[in-house]
Structure formats: C-alpha cells, structure tokens
Amino acid sequence: MTDALGNTITDPADAKINYDDAIQYWSSTPATVNGVLGGFGEQTSVPKADVMGSLTFLRKLKPRMPLAEGQIKCVVDIGAGIGRVTRDMLHKVADKIDLVEPVKPFVDQMQVELKPLIEQGKIGTIYDIGAQDWTPEQGKYWCIWCQWCVGQLPDEEFVKFLIRCKDGLQENGTIVVKENNAYDDDVFDDADSSVTRSNASFQKLFRKAGLKLIAVELQRGLPKELYPVRMYALKVE
C-alpha cells in the first residue's frame, strides 16, 4: 500500500494479530510451566526470578495500594495460563483471586495446579475467555495483574481493555502490566500471533487509556537472549 506521494505504508505490527491463530498456537502448547514460558521452565532461572521480581515490585508499591475500607485484597490474573503466577506469587499477596484465560487445555490444568488454593477458598471465578471479551465487576479489584498476555491484543483492543479495567478497580486499586519490551519498533511474532511493544508504545497506550504510570521497573535475572521485561504500575488519573 502507498500514500498519495507514492511512499510505502507499512501496517503497524499489531494489525497482524489474529485471535484464532493465537488460540490455535497456545492450544497446541503443553500445559506445563515449560510450555507456557516458551521453553524457559523450571529447569531455568526464569520462573524463580520472575516471582522474586514481581513480589519485590509489589512490596515497593504497598504504601500506594492501601486497602479501601470494607474491601478485601481481591486480585485478577489476566492471561493466567495454567495458573502459575497465581500459584507461585499472587496468592501470597491476595485474599481472593479470579483468573482470565481463553485456552481450554490451560484452564483444565488450573484445576490441578491450583487445587490447594481452591480447597483453601482463595480462588474465585475462572473466566474461560480472552481479555478482549472480559469486563470486570465494578469496583471489585485491589489489583489487576496482566502478565505476558497483552501482546495478543491489538492496540485499540488493549486500550479498550484498560479502560474497562479502570472501572473494575477499588478506590485505591492498581493495574500492573508485566511484559516483554521491544528495543525500538514494535515487533510482530507470527508464531503465536502477538506483538512485542516497545517501552514508548506501552506508555503511549497507557496515556491513551487515561492511566497514570506511578512506577516502572526492569525485571532482573532473566537470560540475556530474552527481550527486556518491564513491570508497569498504573492508577486512574
């Protein structure tokens, strides 16, 4: 495609995202930690480093996340996979956890991974839908945690999702987005039909959704061959 001056117009990376292709890819992926982490499972440093980084980030945020009167620490795990983040990290900071995940084999595996937490009553609702189709209950969540999943959403759908999330927050609630960062331009991956966004792209989309970035931190301890991973804490402006 060209513009009026004959210059080639390149479609943005997110324009190539196809939900069906993404579901097909992830449905054929083993429902294991190694599978959901793309081969960087428990035989590597990634899962432990990831959990430590997330818990440290949340500890630093604690003074800015006071629990509203009459509320509990209700958290939702977006793009939850087999429930690894809930199993290893979120249950340590939350009273109740909902999960959002569209890939059926992963949802089925949650019943195994999260069985102790289910028996303890810490697991709430498991929504077997994609983030683009999920609308939170108004004012429910102390924290909305989105990790390694929003690359499956085109920019416009990502902004719409964030706007819906704002309505789902408690009075002092926080949205956390933890994602890979491209070095310069956004990069499309045709294997799983996702986009890796740059730090600048993320911050532009957060502003577009009317969110204030209150903290950002680079995840430490990951293999050098991986993209950098940043954690973003967001509040309603």
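Reply: In this model, Asp155, Phe158, Val159 and Leu162 of H7 meet Phe202, Leu205, Phe206 and Lys208 of H8. The model is predicted, so local features need pLDDT of at least 70 and side-chain atom pairs 80 or more, while totals for chains, interfaces and linings use all residues. Residues are numbered from 1 along each chain, and side-chain values use heavy atoms, without hydrogens and water.

Me: What makes this a contact of H7 with H8?

Reply: Contact means heavy atoms within 4.5 Å, and the residues named in H7 and H8 meet in that sense. They divide into six nonpolar, no polar and two charged.

Me: Why are H7 and H8 called oblique to each other?

Reply: Helix H7 (residues 155-167) and helix H8 (residues 199-208) pack at about 50 degrees, with axes 9 Å apart. Angles under 35 degrees count as roughly parallel, over 145 as roughly antiparallel, 65 to 115 as roughly perpendicular and the rest as oblique. H7 and H8 are therefore oblique.

Me: Which hand does the crossing of H7 and H8 have?

Reply: The crossing is right-handed: the near helix is turned clockwise from the far one by less than a right angle.

Me: Which element gives the largest share of the lining of the largest pocket?

Reply: The largest share, five residues, comes from H1.

Conventions
Helix = DSSP H or I, 4+ residues; strand = E, 2+ residues; numbered from the N terminus. Axes fitted to C-alpha atoms, helices over the stretch in contact; angles between N-to-C directions. Nonpolar A, V, L, I, M, F, W, Y, C, P; charged D, E, K, R; others polar.
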